[in-house]
Amino acid sequence: MELKKNYRGFVWWLLGYLAGLMLCCFLPVEDGGLLMRVIFVFTAADMALLAFIVWKTEAVYWYNGTEYEDAVKAGSERRKAFAWRHFRVFGWYALAQIVFCCVMQLIGAAFWIDIIVFCVGLCAAAFSTMLFKL
């Protein structure tokens with residue numbers, strides 16, 4: 001696959017993410033904790049979606065610290081492997097976040113716990129991918 005520098009897909013993803021967040025505000029939910037959990041699950045799933053899009057398009061230069069020129073030099077196989085590693089991390093994080101939020105909602109736990117777990121989990125996933133080299 002020939003790589004062409006293009007951020008259109010990233011912009012569309014970002015607009016979709018922002019639109020989805022705004023739509024969350026209009027959900028007929030009275031419980032603030034449930035709404036927070038919905039937003040956390042939506043965000044985690046959308047981060048995984050972004051990683052999936054990068055994997056399919058090989059647009060690894062969308063990631064911070066990866067230059068377009070380096071991505072071109074790496075070749076398709078290395079770009080795919082690099083993007084797949086990111087997708088696995090964010091995919092597993094999204095699945096874990098979904099399960100965690102569902103369990104916390106079922107047991108009626110305070111949503112501040114979800115805030116901490118979401119923030120720490122997302123940061124841990126993001127920082128762990130910094131170790132990946134193209």
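**A patch on the surface**

Phe111, Trp112, Ile115, Ile116 and Val120 together make a nonpolar surface patch of about 480 Å². Keep in mind that you are looking at a predicted model. How exposed is Ile116? Ile116 is partly exposed, since its relative accessible area is 46%, and the cut-off for calling a residue exposed is over 50%.

**The overall picture**

- The protein contains 5 helices and 0 strands, so reading along the sequence gives you the pattern α-α-α-α-α.
- If you follow the C-alpha trace along its principal axes, the protein spans about 50 × 30 × 20 Å.
- The protein has 134 residues, and 33% of them count as buried.
- The accessible surface comes to about 8300 Å², and carbon and sulfur atoms account for 72% of that surface.
- Now consider contacts in the protein between residues with a separation of 6 or more: 72% of these are made by residues 24 or more positions apart.

- Helix α1 covers residues 8-24, which makes 17 residues.
- From the first C-alpha to the last, α1 reaches 24 Å, close to the 24 Å expected at 1.5 Å a residue.
- Which residues of α1 are buried? They are Trp13, Tyr17, Gly20 and Cys24.
- Looking down the axis of α1, you would find these buried residues within an arc of 65°, so they line one face of the helix.
- What do the buried residues of α1 pack against? Their partner is α2, the helix at residues 32-57.
- The face of α1 turned away from the buried side carries exposed residues, namely Arg8, Trp12, Met22 and Leu23.

**Two salt bridges**

- Side chains of opposite charge can pair when their charged atoms come close.
- How many salt bridges does a search of the whole structure find? The search finds 2 salt bridges.
- Are Arg37 and Asp114 buried or exposed? Both of these residues are buried.
- In another salt bridge, Arg79 pairs with Glu58, and here the closest N and O atoms are 2.8 Å apart.
- This pair also links distant parts of the chain: Arg79 is in helix α4, at residues 76-107, while Glu58 is in the loop between α2 and α3, 21 residues apart.
- Arg79 and Glu58 are buried as well.

**A closer look at Glu58**

- Where is Glu58 found? Glu58 belongs to the loop between α2 and α3, and α3 itself covers residues 68-74.
- Glu58 is not a glycine, although its phi is positive, at about 60°.
- The relative accessible area of Glu58 is 2%, and because buried means under 20%, Glu58 counts as buried.
- Putting this together, Glu58 is a buried loop residue that forms a salt bridge with Arg79.

How values were computed:
Residues are numbered from 1 along each chain as its sequence is written. This is a predicted model: local features need pLDDT of at least 70, side-chain atom pairs count only at pLDDT 80 or more; totals for chains, interfaces and linings use all residues. Side-chain values use heavy atoms; hydrogens and water are left out. Helices (H or I, at least four residues) and strands (E, at least two) are DSSP runs, numbered from the N terminus. The expected span of a helix is 1.5 Å times one less than its number of residues. Buried means under 20% relative accessible area, exposed over 50%, partly exposed in between (1.4 Å probe, protein chains only). The arc is that of the directions from the helix axis to the C-beta atoms. Contact means heavy atoms within 4.5 Å. Patches are made of residues with over 30% relative accessible area and no salt bridge: like charges are joined within 9 Å, nonpolar side chains (Val, Leu, Ile, Met, Phe, Trp, Tyr) within 5 Å. Accessible areas come from the Shrake-Rupley method with a 1.4 Å probe; for residues, only the protein chains shown count as cover. A salt bridge is a side-chain nitrogen of Lys or Arg within 4 Å of a carboxyl oxygen of Asp or Glu.
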